[in-house]
Amino acid sequence: MNLSMTELERDIIREILNIGLARAADSFAVVAQEKVLLEVPSLDLLESEDILHRVKEYGANHAVIQSDIRGDFTGTTLMFFSGQHVQRLSRVCLRMQVSDSIQVNELQESLLLEISNIITGALVTQLANILKARIYGAPPCTFTGDTGALMNHLVPSESLQPLIFSIITQFSDQGNSVELPLMLFFDRATFEKILDIIRGYDFLGKQLAGA
């Protein structure tokens with residue numbers, strides 16, 4: 001089974017995620033009380049060593065929120081919030097003036113969990129609708145352990161093919177953008193299912209012609 005993606009397949013997955021994120025933005029805007037734009041500017045498959053290095057790098061100076069995907073597909077999402085993210089989100093969503101730090105209070109932690117829940121939930125719902133799968137996102141939790149141990153769990157013997165992309169969050173009030181790294185991990189069997197479903201559609205024919 002070839003787990004590499006063609007450019008068309010990459011574009012299809014990116015569009016599926018973008019539609020889900022557009023829906024997440026509506027819910028996010030209610031929390032932020034501002035217009036919010038979410039999009040997927042890049043979509044890449046990384047080797048296990050690359051993803052391990054990236055997670056360790058983020059984990060050293062970011063607050064990490066984890067949410068598991070369960071059902072027909074199994075996977076995990078990780079969202080990484082830097083001190084600057086926490087500061088901006090606290091100001092915009094909570095109207096709190098705080099320092100640039102990943103040390104958060106209970107209210108800020110609830111905000112990060114809610115943001116992760118909104119975004120992961122929207123992505124899972126969109127994947128479920130388009131790919132006709134029964135999947136759901138488990139409640140997110142704050143990860144405070146060793147990221148190396150987490151990666152050994154997520155990528156054991158290369159049984160997972162990590163899918164990584166970034167979500168750009170933009171608040172219209174200041175015209176500033178905040179990049180929230182989000183990593184989406186699927187096990188190999190799930191990734192095979194997703195590619196099989198995509199390859200089974202006639203996207204250049206029936207799907208795109210009917211759009």
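The conversation below takes the labels one by one and sets values against definitions.

Guide: This is a predicted model, in which local features need pLDDT of at least 70 and side-chain atom pairs count only at pLDDT 80 or more, while totals for chains, interfaces and linings use all residues. Residues are numbered from 1 along each chain as its sequence is written, and side-chain values use heavy atoms, with hydrogens and water left out.

Visitor: How many helices and strands are there, and what makes a stretch count as one?

Guide: The protein has 7 helices and 8 strands; a helix is a DSSP run of H or I with at least four residues, a strand is a run of E with at least two, and both are numbered from the N terminus.

Visitor: What share of the protein is buried, and what does that word require?

Guide: Of the 211 residues, 48% are buried, where buried means under 20% relative accessible area, exposed means over 50%, and partly exposed lies in between, with a 1.4 Å probe and protein chains only.

Visitor: Why are helices H3 and H4 called roughly perpendicular?

Guide: The axes of H3 (residues 83-94) and H4 (residues 106-131) come within 11 Å and cross at roughly 90°, the axes being lines fitted to C-alpha atoms over the stretch in contact, with angles running from 0 to 180 degrees between N-to-C directions. Angles under 35 degrees count as roughly parallel, over 145 as roughly antiparallel, 65 to 115 as roughly perpendicular and the rest as oblique, and the pair is therefore roughly perpendicular. In the contact (heavy atoms within 4.5 Å), H3 contributes Val86, Leu89, Ser90, Cys93 and Leu94, and H4 contributes Leu107, Gln108, Leu111, Leu112 and Ile115.

Visitor: What makes the residues of that contact nonpolar, polar or charged?

Guide: Ala, Val, Leu, Ile, Met, Phe, Trp, Tyr, Cys and Pro count as nonpolar, Asp, Glu, Lys and Arg as charged, and the others, Gly among them, as polar; by these classes the contact of H3 with H4 has 8 nonpolar, 2 polar and no charged residues.

Visitor: How do you know that glutamate 9 and arginine 199 form a salt bridge?

Guide: A salt bridge asks for a side-chain nitrogen of Lys or Arg within 4 Å of a carboxyl oxygen of Asp or Glu, and the N to O distance between glutamate 9 and arginine 199 is 2.7 Å, so the pair qualifies. Glutamate 9, at 9% relative accessibility, counts as buried, whereas arginine 199, at 35%, counts as partly exposed.

Visitor: Which other pairs meet that definition?

Guide: The whole structure holds 4 salt bridges, among them aspartate 11 with arginine 14, whose closest N and O atoms are 2.8 Å apart, and aspartate 68 with arginine 70, at 3.9 Å from N to O. Aspartate 11 and arginine 14 both lie in helix H1, 3 residues apart, about one turn of the helix. In the other pair, aspartate 68 has a relative accessible area of 22% and is partly exposed, as is arginine 70 at 39%.

Visitor: What makes arginine 95 and lysine 132 worth a remark?

Guide: Most residues other than glycine have a negative phi. Arginine 95, in the loop between H3 and H4, has a positive phi of about 55° although it is not a glycine, and lysine 132, in the loop between H4 and strand S5 (135-137), also has a positive phi of about 55°. Arginine 95 is partly exposed at 46% relative accessibility, while lysine 132 is exposed at 68%.

Visitor: Is glycine 75 buried or exposed, and what does it touch?

Guide: Glycine 75, in strand S4 (residues 75-81), has 12% relative accessibility and so counts as buried. Not counting residues up to four places away in sequence, glycine 75 touches Asp68, Ile69, Phe185 and Phe186. The C-alpha atoms of glycine 75 and aspartate 187 are separated by 6.2 Å, although the two residues are 112 apart along the chain.
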